[in-house]
Amino acid sequence: MQAFLKTGKLGPQSAGPKDAKAGSSGAKKKSAPVPWVEKYRPRTVDDVVEQGEVVQVLRQCLSGADLPNLLFYGPPGTGKTSTILAAAKQLFGDIYKDRILELNASDERGIDVIRHKVKTFAQLTASGIRPDGRPCPAFKIIILDEADSMTHAAQAALRRTMEREAKTTRFCLICNYVSRIIQPLTSRCSKFRFKPLGEDRVVERLQFISSEENVQCDEDVLRCLVKTCNGDLRRAITSLQSCTRLKGKDSKITKEDVFEVTGVVPNPWVEGVLQVCQTNNYDQVVSFIDELILEAYSASQLLEQLHELIVLNKDLTDKQKTAICDKLGLCAFRMQDGASEAIGLLDLCCTIMAVYQG
Amino acid sequence: MKRHYSDTQVRRFGVCRSNICDPKKRDDLVINRNRIKDLGDWIDHATTAASVSLLLLCGPPGCGKTTCVRVLAEERNIELLDWTTPIDSYECSDNNEYLKSVSVAHKFKSFLLGVGRYAPVVSNNSMSFMTKRLILVKDFPTCFLSSPDQFTEIIDMYVGHGHTPVIFICTESVKKKSKDIAYELFSEEFKQRHRILQMSFLPVPVTSVVKALKRVVQILRVSVSDELMRDIATESRGDVRKAINDLNILSVNSSQPKKSTSSVNKKLRNQDKTKNSSSKDSDRETTGLFHSVGRVLYAKRDVPNDVVKKGNNTFIDPRGNLVHKPLEIAKEFCHYANQFVSLAHSNYLDIFSSIECIAKAAEYLSDSDIIMSEWREKELLSTVGFSVAVCGFMESNIDPIRRWKPLRGSQWNDDLRIAVENRISVENLLSDYCVPKNDIILEVVPTMKLMWCSRNRDSKLIKWCPKGFFPHRSEELLTAVRTIKSDILISPPCLLEKSRIDSDSEIHISDDSD
Amino acid sequence: MSLWVDKYRPTSLSKLDYHLTQAEHLKNLVQQGDFPHLLVYGPSGAGKKTRIMSLLRELYGPGVERLRMERVNFTTPSNKKIEITTLNSNYHLEVNPSDVGIYDRVVIQELIKTVAETHQLDTAGQREFKVVLLSEVDRLTKDAQHALRRTMEKYVASCRIILCANSTSRVIPAIRSRCLSIRVPAPSPEQIIVILQNVCKKEGVTLPPELAERIASKSGRNLRRALLMCETCKVQQTPMQPSQEIPALDWQTFLEDTAKMVVQEQSPKQMSEVRGRLYELLIHGIPPPTIFQGLLEELVKSCDMQMKRRVVEAAAKYEHRLHQGNKSIFHLEAFVATFMSIYKTFMEEMLGGM
């Protein structure tokens, strides 16, 4: 319950406040289920796993220094949103809800919204004292999550607002790809790159959560989970929760469950692609692909894993790899558009066969 | 062709027709023979049957619907009674919308019931031996469009009382968006209820129009060159009436009907109010859509030798340069891009001589379709896509066949549109099965058919499926599926069976009356 | 009598015939308080819908089977009126938003909003949320998928969404990450045989094992197809014979013949015949991708390895365009023409080399 109050209106997945608002009175009494991602968000800046540089800056700010405009970028699930939220909570304490405005790509975010919503929020005055009498910084924070999906026009509109409201407002832009943010904006912010988390730290965190939630899970299963999630902590936690949901609390989570929930294609299938192509037998390839699709494995996921396998493959020359990856990219692109998986994979396999044949 | 018999609501067609150009005999008709036979069979059946029969005859303007009925009726000595919406009733009514519509509807009703019910008591002319009669309704009173129920009511009443067969003629407008009368007035359900048969005529092919024109030329005793006639015919787009009118006008207005093609085209164009005055060069003068499609498909080139002489600063194609510049054509017709491309598409297979050229052209076509489908830059890209198609056609056609072939419009587009509607209605009909929509068409319907066929070997269904397929005309398909559903799958599937036990729940299945 | 497919469809999680561990998992899911959004995916005829319906029954009891069919009207921002058919019970609502083509976004937003905002008055109701079941999510436009993602977050308190798709490739990652994915693989041929035998036993007919085996292998691990085939066999000949012919569907035969025509002769005239047949297929509602797949399967049979590669390459190219463009006939035709051209050159070289 406490956890859900704290997470408040924050994350996109937050079920909490809406439950309280819309749900019947019965819903309130049952502890509203909170996604673990929200429940185990770091509470303080010091809780943030790794990311030393930005933590240092924020710590200074907590001890009284001014906060610059921030731009966080890095792969998903590395703690970008969590970091700024934790910092805000520490800075403003209980009143942090009034001091931050969080907009993510899920909200309508055209130029008008930037102009009006951001403006009205920015113009609210912020005093330097908390209601409980303790001092706090006299500014507000606007968090723009998934900023790279904003249109360039909207980004340009933001530029002016940022300068005009510099006295009372700090911006924190969060994105995956810094290259999609226009230059004038990046130059107004201090950039921080969030590194992918180290496997050990993620496993540590997952172990902590498992013990809190009474999940029975071996370390090597957790390691496997981290690997399939490519160091994305959020995805790892969500997957862990999904596993528990499916298996029930009492049984142990196995590697198979992890694969199932994350939708990863098991390795034998991925390697099987190369093996079956080496036979140079068209009919075998066709039946292999049919099987794969009937097993309902996602072809685009397979392509991703196959790509990794091919890049790291030691038996292929660079030239061969190029030829395969070229087709791989084309296939992935076509599948995005809805093209048939079977024909796409067949095309790819034919190319690989040709490569093996020289 | 407009009728001005405002006072007489019943017009009698007899031998004393004034228009000498109209076909007199079955052989003069330029309509598909099977269609004529079908229609004739229907008339034979309808005039002898005990119960009243209704027919809905559809087709594009000028394809000879009325003419065909008239000729066939004359052949059989059947008297044709034609309803005409009285014009005067509009004028004399006191501007009251409601009264006006009531009065026209009322007149229509009394016409149908009065004429259709009783055999002629007094024969006022020499045709007294005619006992068989047919009612022709071509001119639907507009008031029915706003209140189709009124129309339905009258027909319901007529079916109960009358015995003279009725043919409703309905002209399909070329524009797909404006729904034509048949769709508004004749709902599927309505057609089902009264077993109204629907027959459709297609636009008349160019060669047949030429045939008709030749006959008219003989009657009028004018001389017109074959080339001119063909131009008129292509220009008419399957509308015989328009073609004959054009011919009439040309032969009356111009002293020399044998004028060159381009001037005819100019005339025809002017009638169509197409803006063409802007271009001065006579070669670039706007020619008809068909004409230009022909130019693109035949991709005429000048002799390479000539080009060599012209100088060497321009790019010289060893095949000879194109006589008509593709980009100019593309620019001229960019507003008709879709029609142009689909017309070219339906004809290029006949004109290209080798499969390699076709493969190339098909690739360009496919390119142009994806360019034109991009909706984000619609304006710009549709022009680009169109140019790709035009250039592609001309570039890839290395050795077009020499002999001239008439261009045809495509009937597939309309069929495809109908197909989509059919699919939705079949899916709705079977939506109480717990099966994804795609699989209804792919698996459930064919399986149902297989089962049904093996149960009733000498069934109607065999007739319904000429090519081993379900018929795709909407009403036939629906009847077929409905019959099968009720015959072999009497009760609906499990979900509904369950709910039948719980009496309080109710299920609405769309239109399961049969 | 109804079709066997419907008659013997299991209605509860405990009665499912295969994927039993998964059924167990689904039961666990229901027993826990927090029911997530689900994404159920698998090939056609694997039993996705059966599982979803069983799951709903587990959630709400037999009340979910009291279905009503309703027509709902919407007005798009551009003032176009659209109508969509929904199948709903007191607890859930099923809709196929791709029915309305590019207006699917409006349907998703409005429909889910309406469902989410009408409170469940049934106080005895076990759940405080309703379920919206969206089928064929992989056919939704990207626009609609983004809208779906927003809607999922917004109404999570009063409404859960179950998505049903054939494959996840076209579902945007943002949706995938917000759902618990349930993979439903096709049943194995052995499982199909067992089910066929069971059904036949219940029907009081004997199914020769050889026939069962043949049906299972011909069905391509599609249980629905297998059951339909089996029932057709029974209708055609009772008692069923081991050597009995399994009738092919009309369009499949037609498609095979069309492919044969392509191989037979490569000329503009033949091309024009083939085009007529392609149109015929389209008019009968056979989806273009299915035509493509069928053609490809037949055509490659008469090619050598090198040609196979070229043909598959061309197929992949034009099949992709099918989804980008509007006029499927252009792309089908381009593929056939390309094949003809490749094949003709090949045959000529063969003859020249001899």
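1. Helices here are DSSP runs (H or I) of at least four residues, and strands (E) of at least two, numbered from the N terminus.

2. A word on the source: this is a predicted model, where local features need pLDDT of at least 70, side-chain atom pairs count only at pLDDT 80 or more, and totals for chains, interfaces and linings use all residues. Residues are numbered from 1 along each chain as its sequence is written, chains are lettered from A in the order in which they are written, and side-chain values use heavy atoms, leaving out hydrogens and water.

3. How many of the 15 residues of H13(A) are buried? Twelve are, among them Leu233(A), Ile237(A) and Cys243(A).

4. Now look at the ends of this helix. Asp232(A) caps the N-terminal end, with a side-chain oxygen 3.1 Å from the backbone nitrogen of Arg234(A). Gly248(A), which follows H13(A), has a positive phi near 85 degrees.

5. On to chains C and B: 67 residues of chain C are in contact (heavy atoms within 4.5 Å) with 73 residues of chain B.

6. Four salt bridges (a side-chain nitrogen of Lys or Arg within 4 Å of a carboxyl oxygen of Asp or Glu) are counted between chain C and chain B. Asp367(B) forms a salt bridge with Arg321(C), their closest N and O atoms being 2.6 Å apart.

Methods:
Buried < 20%, exposed > 50% of the residue type's maximum accessible area, 1.4 Å probe, protein only. Polar contact = N/O pair within 3.5 Å; in protein donor to acceptor, adjacent residues only side chain to side chain.
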